[in-house]
Amino acid sequence: MFSPTWKTRGIVFLFALALASPAVAEKKKLALEDLTAEPPLAGRAVTGLTWLPGQDRFSFVERKGPGSGDEAISELILEDAKTGKRVTAVTAESLTLPEEPRPAEIAPGVTRQPPGSETPRESDRTARGPRRVSLDGYRWSPDGKTILLSGDSDLWLYDVAQKRLRRLTHDPEREEFPSFSPNGKRVAFVRKNDLYTIELSSGEETRLTGDGGEHVFDGKLDWVYEEELANRTGRAYEWSPDSSAIAYLKLDENQVESYPLVDFLKVPPAVTFQRYPKAGTANSSVTFLVVGVDGRSRAEERLGSDVYVEPAFSWTPDSKLVCYRILNRAQDRQEVHVLSIPGRSPRTLFTEQDPYWLNVVEPPRFLKDGRYLWKSERSGFAHLYVGSVSGGEPRAITSGKWMVDRIAGVDEARKLVSFTATEENVRRRALYRVSLDGSGFEKLPLAPGTHSAELSPDGRYLLDTFSTVSKPPAISLLDASGRTIRLVHRPQNRLDEYELATTEEVEVTADDGTKLEARLVKPADFDPSKKYPVIVYVYGGPHAQVVHDAWGATSLFDHYMASKGFLIWSLDNRGSWGRGHQWETAIFKETGRRELSDQLAGVKYLKSLPYVDPSRIGIWGWSYGGYMTLYALTNAPDVWKCGIAGAPVTHWKFYDTIYTERYMRTPAENPKGYEASAPLSKAKDLKAKLLLIHGTADDNVHMQNTMAFVDALTRAGRPYQLEIQPGQKHGFRGRESLNFRNAAMARFFEENL
């Protein structure tokens, strides 16, 4: 799956602020550098918002000061939900590390004595300078007394009461994906693709696996699993609730093809080879295993390379059963298995099937009373189901032509589920709750917009992050019924200092009568008597929604371009997210065609507006949006005056197995669909001015896509402009890089539209 940041928001991801003010003339106009200002114009959001395990306290990291990274002041804030008392648990600046040597790694199945018993090495003494521990990705211990931190490739434990930092690991290699055992006695992690635990009382490590290597991963995902099945969380293991065992995946990518990523700035250029399974080629071989904390195997099922195991597992509260899900390669059938521990033959709890594909959902959530909560699209819309561990089909507890978006939490004592959904409006996410038996469905009395909430461990409180297209995200503490208790955090922003555009909600009728959701961004000084050029920003692909009432839907780049005299238009075509599975599956086996038809309905609407210049309509997008830009320019060449395609897929044979085959099947199964869907096949039909943008280090959409399109344009004699950024990946990073690209895009539209 493409990066969500780029597939839904474009270059800069800050939402629109629609302001009506009598002092507009006195406000500043946006400069390109303002789009990447530090701190951001919309203020800094907090990170790491979480409830402490089993408590009515929560924490978050707040960054202060003018700079970014190490220049900013990071503080971990701890707040009591009941009293509102707030303390600073730790500041990043206090976490400076001492210089200490590192020992060699240990063999499988043996333990190592606590740090400090090893003989120092001279290279360790001289090669290492001052280091710091980061608050990013912090984790609370189950008793809420200590915090697990990472820094300088090691793990550290911070005692909040004693304000003391303790080293847990001491190794040249980096420890990844650390987590506390549920009883708080151990920490698990991955090192050099092997799974380890460390006992906190003694500091002794146990290496649980011994076959990890350069292309074999234990407890860690390969590139395509992490990208397409795990929402970019690379961890592939889960503790049992009693802390006696760990379920994990083993992935062997030795049969996966390699592709070069070249660093052209080094002399000679450095080449990194990435194992990347392109559509129709071999995937990693997968095995599901359970290992005890003593390193002894408890269960193993080798599944091969023609199926996927969804990398999120779940245990029953008594630790007697572990659940894992096997998805066939076509991704239209999923078997939900439960395995008794110690390992016996697994049984199928239930099966999910779909004539098109199954979207990835979270694993069953097992309850103490022997039931489980499950989210499924089997009705055509994502809804909640409750089933029994003893067997049988799960039963729906929500229903309707709307989608359950995200589960906020389960209050098992009161038998209530809290969640967000589109029941009110597909553009928004309201907060709801329902009983586990399906009764008592209710919408919580909150302001319309986009809510995202986390239920406290005891079910009494909700931490709600709320925004609209005109309000940056703010965090509030609610009671379980939705009553606001207090504001927790609202970023300090400077948006009022600037002249910003307005964003209007629009509904368009497609050629078959279907209603399509769209938005139109207008300059602050909009004059209906003028004729404006229009920039169409498109994503268009599955599992993404561009038109929604949330902070970030309209970027500051949109505001900047509006200030230069452009209208900015976006429309969610069929194939996009939020309106049910049938809406999404319109793209099955031939992407581009249905999406473009709906986008052209939007263009038809634009041309009907008296203030739109129909001869000056441009289009741009990134990732799937870059693909859609090229598809539109080559399949409806007379509609557009110019376009910008960022990191575009130009033929689906160049993209990965899991994402591509979900929607297109394999090239061998669907050769006509692959050719019909490929902008590369119609490069000769390009008429509009075109700017292509790509990063040389893009490990998601390889630069091979753009190079192939450039070759096709060259052979067809079609002109183009090309911007290559060395070292940049799929989502460009860094102020200099972003400012350069923003300027190039703005200049291109000003010169050609």
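View 1. Leaving aside neighbours within four places in sequence, Gly 602 is in contact with Val 508, Trp 569 and Leu 571; contact means heavy atoms within 4.5 Å. Gly 602 belongs to helix α6 (residues 593–608). Helices (H or I, at least four residues) and strands (E, at least two) are DSSP runs, numbered from the N terminus. Gly 602 counts as buried because its relative accessibility is 0%. Buried means under 20% relative accessible area, exposed over 50%, and partly exposed in between, with a 1.4 Å probe and protein chains only. From C-alpha to C-alpha, Gly 602 and Lys 85 are 51 Å apart in space, and they are 517 residues apart in sequence. This is a predicted model, in which local features need pLDDT of at least 70 and side-chain atom pairs count only at pLDDT 80 or more, while totals for chains, interfaces and linings use all residues. Residues are numbered from 1 along each chain as its sequence is written, and side-chain values use heavy atoms, with hydrogens and water left out.

**View 2. Helix α7 and its buried residues.** Of the 12 residues of α7, 11 are buried, so the helix is largely enclosed by the rest of the structure. Among the buried residues are Tyr 624, Gly 625, Gly 626, Tyr 627 and Met 628. The end C-alpha atoms of α7 are 16 Å apart, which agrees with the 16 Å that its 12 residues should span at 1.5 Å a residue. The expected span of a helix is 1.5 Å times one less than its number of residues.

View 3. Buried in α10 are Asn 705, Thr 706, Ala 708, Phe 709, Val 710, Ala 712 and Leu 713. An α-helix has 3.6 residues a turn, so residues three or four places apart point the same way. The buried residues of α10 pack against α7 (624–635), β45 (689–695) and β46 (721–725). Just after the helix, Gly 717 takes a positive phi of about 70°.

**View 4. His 702 in the loop between β45 and α10.** The loop between β45 and α10 holds His 702. His 702 counts as buried because its relative accessibility is 4%. Not counting residues up to four places away in sequence, His 702 touches Tyr 259, Leu 261, Gln 274, Tyr 276, Lys 278 and His 694.

**View 5. The second largest pocket.** This pocket has a volume of about 850 Å³. Of the 33 residues that line it, the closest to its centre are Trp 223, Glu 226, Gln 274, Asp 699 and Lys 729. On a 1 Å grid over the protein atoms alone, a cavity is a set of points where a 1.4 Å probe fits but cannot get out, and a pocket is an open set with protein on both sides within 12 Å along at least five of seven lines; lining residues have an atom within 4 Å of a point. Grid points are joined across faces, edges and corners, and a volume is the space filled by probe spheres set on the points. The largest share of the pocket lining, 5 residues, comes from β20. By class, the pocket lining has 10 nonpolar, 10 polar and 13 charged residues. Ala, Val, Leu, Ile, Met, Phe, Trp, Tyr, Cys and Pro count as nonpolar, Asp, Glu, Lys and Arg as charged, and the others, Gly among them, as polar.

**View 6. The largest cavity.** The largest cavity has a volume of about 120 Å³. Of its 14 lining residues, the closest to its centre are Glu 352, Leu 358, Asn 359, Ser 376 and Glu 377. Strand β28 gives the most to the cavity lining, with 3 residues.

**View 7. Strand β18 and its partners.** Of the 8 residues of strand β18 (residues 245–252), 6 are buried, so the strand is largely enclosed by the rest of the structure. Two strands pair if DSSP finds at least two bridges between them. Strand β18 runs antiparallel to strand β21 (residues 285–292), with 8 bridges joining them. In this pairing, Ala 245 stands opposite Gly 292 in β21. Strand β17 (residues 237–239) is joined to β18 by 3 bridges, also antiparallel, and Trp 239 stands opposite Ile 246 in β18.
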